[in-house]
Structure formats: C-alpha cells, structure tokens
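Visitor: Could you take me through one part of this model closely, beginning with a single side chain and its partner, and then show me what else the chain holds?

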Amino acid sequence: MKSDIKGPAHITRRAFGFGAGALVLGGAVFASRWFNISADAEADGNLRVEDAHKAALSGTVLLVDIRRPDEWQRTGVGEGAVALDMRREDFTDALLAHTAGRQDVPVALICARGVRSRGLTARLTSAGFTNIIDVPEGMLGSGAGPGWLKRGLPVVAWSPT
C-alpha cells in the first residue's frame, strides 16, 4: 500500500536532479578556478615559467614565490626565487625590503597554480607597485601550462630560518 504522506525528507526525482545538477555545476566552477583553466601565460603582464626563471637568474626580475611554507617544504622553491609568504601581515614591507624600497622594480609573482598570484598582482598594483608581473602557470601548472615542476626547472630545498 502506497502512503500519501509527504514529509520534509521526501525528495522528488526532479528536485534530486536539480540538486545534482547544481552540485556538478558548482564543482566545475570551483575546479576551473582552482586549476586556473583560463590562464594565459602569453597575455600582457604575464610571464611563462621558463622566462621567469631566466629573468630571475639574470637579475632583471625579482621572482617571488608567494606560497605557504608547507608548500615550499613539499616542492622546494624555484631557483632564483625569493620565498615570501603572501599571508604575512608585513608582506608589502618585506617585499619593499627586497626591492630597496622601490615600487617600480619588476616583480614576478608565482604560486601553485596562478590563482593567488593573479589576486596579489591586482592588490600590489592598487598599493602603488608599477611593475608587477604574474606567472600564471605556477609551480604545479594551470590552464597557462604545465608549470615549473613539470617543465623540469630547477628548485632549491627550503627550510625555515
């Protein structure tokens, strides 16, 4: 015998389908942001990881790895990069210490997948820095390319000082 009683726990197939669709769509949006799918290493104001590495070694760019210490510990820091955790309250002051107080020094920012570096690029530009460059491939890769590690670029071990 079929019951006609429908309580709050009763879910129709249609409601379940809408919920599942929303979950899939939300997951796709999250994944596209997480993996920075739309990144373009060739866009103005961006550098490919190979170019960032060469520029850092030649001294034409200050390459700053803005990831967290646990990330540096796992993968190392790209050769030629300065490890500077973007969550530091004194991040801007610490960055200025590396640029001798100048806001016009070319500074390239790299993170894991280019999401944090893109956001910090905008924040530092708003704070008066005039030559901030994004490395959207990141260390782990994104829509801009496979990243520093998969391209086989050199890293140095990081340890807390």
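**A tryptophan and its partner**

Guide: Trp 72 counts as buried because its relative accessible area is 3%, where buried means under 20%, exposed over 50% and partly exposed in between (1.4 Å probe, protein chains only). The model is predicted, so local features need pLDDT of at least 70 and side-chain atom pairs pLDDT 80 or more, while totals for chains, interfaces and linings use all residues. Residues are numbered from 1 along each chain as its sequence is written, and side-chain values use heavy atoms, without hydrogens and water.

The chain has one aromatic pair, a term for rings of Phe, Tyr and Trp (its six-membered ring) whose centres lie within 6.5 Å, stacked if the planes are under 30 degrees apart, edge-to-face if over 60 and tilted otherwise. The partners are Trp 72 and Trp 158, which form a tilted pair with 5.2 Å from centre to centre and 55° between the planes. This pair links distant parts of the chain, since Trp 72 belongs to helix α3 (residues 69–75) and Trp 158 to the segment after β6, 86 residues apart. Strand β6 itself covers residues 155–156 and includes Val 155, a residue that is partly exposed, with a relative accessible area of 35%.

To place these elements, the protein chain contains six helices and six strands, which are DSSP runs numbered from the N terminus (helices H or I, at least four residues; strands E, at least two). Read from the N terminus, their order is α-α-β-α-β-β-α-β-α-β-α-β. Of the 161 residues in the protein chain, 38% are buried, and among contacts (heavy atoms within 4.5 Å) with a separation of 6 or more, 64% join residues 24 or more positions apart.

His 53, in helix α2 (residues 49–58), is another buried residue, with a relative accessible area of 9%. Beyond its neighbours within four places in sequence, His 53 is in contact with Glu 79, Trp 148, Leu 153 and Pro 154, and the side chains of His 53 and Glu 79 are also joined by a polar contact of 2.7 Å.

After α4 comes Ala 100, with a positive phi near 55°.

Notes. Polar contact = N/O pair within 3.5 Å; in protein donor to acceptor, adjacent residues only side chain to side chain.
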